[in-house]
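Okay, thanks for coming, everyone. Let me put the structure up, and then we'll walk through its charged residues and its surface.

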Amino acid sequence: MEILYSDQEIVVCVKPVGLDSESEVPAALKEMLCGEVFTLHRLDKNVGGVMVYARTKAAAAALSRAIQEGAMVKEYVAKVHGTPPENGDWEDLLWKDSKQNKVFVVKRMRGGVKKARLEFVRLTAAEESLVRIRLHTGRSHQIRVQFASRGYPLVGDHKYGARDSSPAPMLFSCKLSFPYRGKTLQFEAKPDWM
């Protein structure tokens, strides 16, 4: 696992596709760094990219506060079927069916429904287009559902309508920035399919 930054309080890494961000990645980091590792945010097991973990309880509390206040900015790249608009700011209401582990766009607010917002810019236009996405809310499967609901399922995302042979959704956490010790730290990486 590639480590982009590490000190006594935090570690920033590139999570590989196939590892669980809440158990397997922290376990691997604990082994590499010899010490506690606290999960702050998550990525689906079949998605890779830049993540930050805390190494102390104080750092975990500070970074959790930054996430709650919207001070942690997460950007992603995705390869989608079709050609979405050049850019967009999408807001939807999402409901998660926990039994199916599937999320749906719904029309009205009710129990368990959460607001979801993202902005995107299309990078390339073709049968399979590249988009760069900034999340404003971190809902389960949010990017996958919001694009699929508009007819642009992610390449490899068979759960949400893709009909291709790619083994996993082409989605990658490419940039993470957050406040730390009075500065804003920023980390970037690219997927191997870009």
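Let's begin with a definition: a patch here is made of residues with over 30% relative accessible area and no salt bridge, where like charges are joined within 9 Å and nonpolar side chains (Val, Leu, Ile, Met, Phe, Trp, Tyr) within 5 Å. Lys and Arg count as positive and Asp and Glu as negative, with His and the chain ends not counted. A charge is placed at NZ of Lys, CZ of Arg, CG of Asp or CD of Glu. Areas come from the Shrake-Rupley method with a 1.4 Å probe, and for residues only the protein chains shown count as cover.

Two housekeeping points. This is a predicted model, where local features need pLDDT of at least 70 and side-chain atom pairs count only at pLDDT 80 or more, while totals for chains, interfaces and linings use all residues. Residues are numbered from 1 along each chain as its sequence is written, and side-chain values use heavy atoms, leaving out hydrogens and water.

So, the surface. K96, K114, R139 and K159 gather in a positively charged patch. R139 sits in the loop between β9 and α3 (142-148); helices (H or I, at least four residues) and strands (E, at least two) are DSSP runs, numbered from the N terminus. R139 counts as partly exposed because its relative accessibility is 31%, where buried means under 20%, exposed over 50% and partly exposed in between (1.4 Å probe, protein chains only).

There's a nonpolar patch too: V121, L123 and M194, with about 260 Å² of accessible area together. L123 is in the loop between β8 (113-122) and β9 (128-135), and is partly exposed at 42%.

Now, salt bridges. How many does the structure hold? There are 12, each a side-chain nitrogen of Lys or Arg within 4 Å of a carboxyl oxygen of Asp or Glu. One of them joins R42 and E22, with the closest N and O atoms 3.4 Å apart. R42 lies in the loop between β3 (38-39) and β4 (48-54) and E22 in the loop between β2 (10-15) and α1 (24-33), so this pair ties together parts 20 residues apart in sequence.

Another is D157 with R144, at 2.8 Å from N to O. D157 is in the loop between α3 and β10 (171-180) and R144 in helix α3, 13 residues apart. Are these two buried or exposed? Both D157 and R144 are buried.

To finish, E22, R42, D44, R144 and D157 are linked in a network of salt bridges.
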